[in-house]
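Welcome, and thanks for taking a look at this one.

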Amino acid sequence: MLVFEYASNGTLYEHLHYGEAAQFSWLRRMKIAIGITQSLRYLHTESRPPFAISELKSNSVYVTEDFTPKADDVVY
């Protein structure tokens, strides 16, 4: 079982398609992208047993209040 922090800001998809994503600064965009890659690296190489993301899409990435990304749809 994988438990992750509650992400109160909805999905990345909602922000990209319905929110004000066009107003995201480059710093915020890079923080989200780096957060996703760090999560993937951890799940694929450091967790035991390793996890794999079945489909990485913007609607399976939740963001917290400070726009820290949290991945969903994890299988192993």
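**A first look inside**

In this predicted model, the largest cavity is lined by Ile-36, Ser-39, Leu-40, Ile-53, Leu-56, Val-61, Pro-69, Lys-70 and Ala-71. Helix H2 (26-46) and strand E3 (69-71) are the elements that each give two or more residues to that lining.

**The overall layout**

- The protein chain has two helices and four strands.
- Starting from the N terminus, these elements follow the order α-α-β-β-β-β.
- The protein chain has 76 residues, and 28% of them count as buried.
- If you take the contacts between residues at least 6 apart in sequence, 55% of them join residues at least 24 apart.

**The cavity**

- How many cavities of 30 Å³ or more does the structure hold? There is one cavity that reaches this volume.
- The space in the largest cavity comes to about 50 Å³.
- Sorted by class, seven of its lining residues are nonpolar, one is polar and one is charged.

- You can find Val-61 in strand E2, which covers residues 61-63.
- Is Val-61 buried or exposed? Val-61 has a relative accessibility of 3%, so this residue counts as buried.
- Setting aside residues up to four places away in sequence, Val-61 touches Gly-10, Thr-11, Leu-12, Ile-36, Leu-56, Pro-69 and Lys-70.
- Gly-10 is 51 residues from Val-61 along the chain, yet the C-alpha atoms of the two are separated by 8.6 Å.

- Thr-11 sits in the segment before H1.
- With a relative accessibility of 8%, Thr-11 counts as buried.
- Beyond its neighbours within four places in sequence, Thr-11 is in contact with Ser-58, Asn-59, Val-61 and Tyr-62.

- As background, nonpolar side chains in soluble globular proteins tend to be buried together.

**The aromatic pairs**

- The structure holds two aromatic pairs.
- The reasoning rests on a cut-off: planes over 60 degrees apart count as edge-to-face.
- Tyr-13 is partly exposed, at a relative accessible area of 30%, while Tyr-18 counts as exposed at 65% relative accessibility.
- In the pair of Phe-24 and Phe-67, the ring centres are 5.4 Å apart and the planes are at 75°, so this pair is edge-to-face.
- Phe-24 lies in the loop between helix H1 (12-17) and H2, and Phe-67 lies in the loop between E2 and E3, so their pairing ties together parts that are 43 residues apart in sequence.
- Phe-24 counts as buried at 12% relative accessibility, and Phe-67 is buried too, with a relative accessible area of 10%.

**Backbone details to look for**

- Where is Phe-67 found? Its place is the loop between E2 and E3, and there Phe-67 has a positive phi of about 65° although it is not a glycine.
- The peptide bond that runs from Arg-48 to Pro-49 is cis, and its omega is near -5°.
- Pro-49 belongs to the loop between H2 and strand E1 (52-53).

How values were computed
Residues numbered from 1 in each chain as written. Predicted model: local features only at pLDDT ≥ 70, side-chain atom pairs only at ≥ 80, totals over all residues. Heavy atoms only, no water. Buried < 20%, exposed > 50% of the residue type's maximum accessible area, 1.4 Å probe, protein only. Contact = heavy atoms within 4.5 Å. 1 Å grid on protein atoms, 1.4 Å probe; cavity = no way out; pocket = protein on both sides within 12 Å on 5 of 7 lines; lining within 4 Å. Points joined across faces, edges and corners; volume = space filled by probe spheres on them. Nonpolar A, V, L, I, M, F, W, Y, C, P; charged D, E, K, R; others polar. Phe/Tyr/Trp six-rings, centres within 6.5 Å; stacked < 30°, edge-to-face > 60°.
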